[in-house]
Amino acid sequence: TGYITYDDGFGNTGSCTSAITFIDGEQGILRYRGYPIEQLAEKSDFVETAYLVMNGELPDKAQRAKFSGLLGENAPLREGMRRFIQTFPRDSHPMAMLSASLNALGAYYPHLASNNHQRDLEHFDEAAAIAISKVRTITADIFRVSQGKPFNHPKPDLLYCENFLHLMFSDPYKDYSPTPEVAQALNLFLLLHADHEQNCSTSTVKMVASAGANLFASVSAGVNALWGPLHGGANMAVLEMLKNIHADGDDGTRFIAAAKSGKGDRLMGFGHRVYKNYDPRAKIIKASFHKALASLGIKDDPLLNIAMNLEKVALSDDYFIQRKLYPNVDFYSGLIMRAIGIPENLFTVMFAIGRMPGWIAQWREVAQNPKLKIYRPRQVYTGKTKRDYPANR
Ligand code: CMC
């Protein structure tokens, strides 16, 4: 069978060619379709960036209007989908509900989920808009069910983030309308998550797609990979860690000492497989943090103070310096979401909303590949050599 190269965790394996996202981990550079993340964060919004990531170019006015129209049209969920979401136990984890719901979408739109890439690609714009728009409605419905509250209906005149916040927080007799700063903070959070090349969930999406599976089946698998605490689940874990440190009366110093000794937990929100420098997304969130908090009326957040102290201690500590461990996107993003009013158990779901354009774009790359080969890694076998079944068993 020839010689197999073992690459632990695929750290040095290029699994595909891709024209979507460029990362230079040593220098802390991230670009979507060539545009630096810093410029997009300053000048673009989530919907425009989603279009860019999926289609390769920024939309002109007509393209943006068409895309926004498709997102608006596709915001409502079919009644059956809403009933499906209601059937989960009240305390179900939102990521389990999200993954199941996205997979179920494929059953509601069989013409978009034929498992024939050529046919599915003919309806790509519709499928992409359904996934990006409905992931938001599904998330809000999951939240409403967990609160025992009635669903809200999407409003066609609202922008993407405003509509999401309305779906989440409006009550029958009181509409919720966010301040522009809150909507902007959410836009920024989603935009910064839009794609990140071949990470664990995206590779999962591509793996599933490589067998010929449809978009909904593929992104639903991506959600399950994202759920893990070493990946998207880290944003939830960071907040938990900050709260525990606070409850212990620690300022972070004791926690770091335990993390270094290997006896305590890892410092969540720190370290990255690719970035051996400050994650540029964390830099942007941190820079916009104080402005966002001030506009949200939050003056002094003890958890933020602990986070800043953890960062300071870690960045001047040999253990972290030698291993090139810097804050990643999850270190500060939970604090932003908390300020917006998103409950902790939805943090990773919010990551999934942001990542949806990237998963879709990467699914499309697989589906469009005329020389597509199924992803099928090999292994280094370490089991028993051949032995015979006992004669007198
Ligand atoms: N705290 C303490 N030590 C750490 C940490 C950390 N957060 N991360 C890595 N290390 C140590 C690790 O113990 C190892 O030390 P040694 O060489 O002495 O054994 C060394 O650094 C290398 O770590 P690794 O686990 O081999 O690195 P990896 O590339 O396999 O893992 C990672 C990357 C992100 C899974 C890891 O850094 C980690 O667990 N971080 C905490 C979880 C986290 O924040 N995840 C979010 C990642 S960014 C968003 C996303 O992609 O989802």
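**Note on the ligand site, the sheet and the cysteines**

1. The shell around the ligand comprises 8 nonpolar, 6 polar and 4 charged residues. The model under review is a predicted one, and the points below should be read accordingly.

2. Which residues come nearest to the ligand? Of the 18 residues around the ligand, these are His231, Arg266, Leu267, Gly269 and Arg273. Two of these names return in the next point, where individual atom pairs are considered.

3. His231 places a polar side-chain atom 2.6 Å from an oxygen atom of the ligand. For Arg273, a polar side-chain atom lies 2.8 Å from an oxygen atom of the ligand. Tyr319 contributes an N or O atom of its side chain at 3.0 Å from a nitrogen atom of the ligand. As to cover, the ligand on its own has 940 Å² of accessible area, of which the protein covers 73%.

4. The sheet is open and consists of 3 strands in the order β1-β2-β3, with antiparallel pairing. Strands β1 (21–24) and β3 (35–36) each have a single partner strand and stand at the edges, so one side of each is left without a neighbour in the sheet.

5. How many bridges join β1 to β2? There are 4, and β2 (residues 29–32) runs antiparallel to β1. Within this pairing, Thr21 stands opposite Tyr32 in β2. The hairpin of β1 and β2 has 4 residues between the strands, and Gly28 in this hairpin takes a positive phi near 75°. As a general point, side chains in a regular strand alternate between the two faces of the sheet.

6. The cysteines deserve a separate remark. In general terms, a disulfide is a covalent bond between the sulfur atoms of two cysteines. The count for this model is 0 disulfides. Cys16, for example, is in no disulfide: the nearest cysteine sulfur belongs to Cys200 and is 14 Å away, whereas the criterion calls for a pair of sulfur atoms within 2.5 Å.

Definitions and conventions: Residues are numbered from 1 along each chain as its sequence is written. This is a predicted model: local features need pLDDT of at least 70, side-chain atom pairs count only at pLDDT 80 or more; totals for chains, interfaces and linings use all residues. Side-chain values use heavy atoms; hydrogens and water are left out. Two strands pair if DSSP finds at least two bridges between them. Helices (H or I, at least four residues) and strands (E, at least two) are DSSP runs, numbered from the N terminus. A residue is near a molecule or strand if one of its heavy atoms lies within 4 Å of it. A polar contact is a pair of N or O atoms within 3.5 Å; within protein, one must be able to donate a hydrogen and the other to accept it, and residues adjacent in sequence count only if both atoms are side-chain atoms. Accessible areas come from the Shrake-Rupley method with a 1.4 Å probe; for residues, only the protein chains shown count as cover. Ala, Val, Leu, Ile, Met, Phe, Trp, Tyr, Cys and Pro count as nonpolar, Asp, Glu, Lys and Arg as charged, and the others, Gly among them, as polar.
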